[in-house]
Amino acid sequence: MSKILVVFASMTGNTEEIADLIAEGIQSTGGEVELKQAMDCDADTLLEYDAVLLGAYTWGDGELPDEFLDFYEDMDQLDLAGKKAAVFGSGDTCYEQFAAAVDILSNKLQERGADIVVEGLKIELNPSSDEKETCREFGKKFASVAVSVG
């Protein structure tokens, strides 16, 4: 089974809850998953895993949160060719760009050569009961695709 890393940034706990639920989904498939906060992780840590998930809330009018900026910039030094990846995040539809951090991170992963194997997951604020299951299913799907493709 693949080693999967989940790197996330969370201010209010919404994105952390999403990360935990995704990890539950991965673990339910027998997958090995490790969660790290973006501030406590170097970008080159991505190279140590078979597959990676990045998660962030969207700050302001569609920006990455400050605690993800160093990690994001350090990704410019990485060759992620062939790395299986996906992105998730929380956002607020009262802003013009809903959960834009998901798109920003997805674009960076693709720019660095990673294969986005599951479409990004965007959750409004904190996950509802139904969305909690959606998060778990996202993790299950990612684990199965990351393993079957890789």
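The protein chain carries 11 positive and 31 negative side chains, with the centres of the two sets 8 Å apart. Lys and Arg are counted as positive and Asp and Glu as negative, leaving out His and the chain ends; each charge is placed at NZ of Lys, CZ of Arg, CG of Asp or CD of Glu. The model is predicted, so that local features require pLDDT of at least 70 and side-chain atom pairs pLDDT 80 or more, whereas totals for chains, interfaces and linings use all residues. Residues are numbered from 1 along each chain as its sequence is written, and side-chain values use heavy atoms, without hydrogens and water.

Four helices and six strands are present in the protein chain, in the sequence order β-α-β-β-α-β-α-β-β-α. These elements are DSSP runs numbered from the N terminus (helices H or I, at least four residues; strands E, at least two).

Of the contacts (heavy atoms within 4.5 Å) with a separation of 6 or more, 79% join residues 24 or more positions apart. Buried residues account for 47% of the 150 residues, where buried means under 20% relative accessible area, exposed over 50%, and partly exposed in between (1.4 Å probe, protein chains only).

E119 lies in the loop between β5 (115–116) and β6 (121–124). E119 is exposed, because its relative accessible area is 70%. The C-alpha atoms of E119 and V87 are 7.6 Å apart, although the two residues are separated by 32 residues along the chain.
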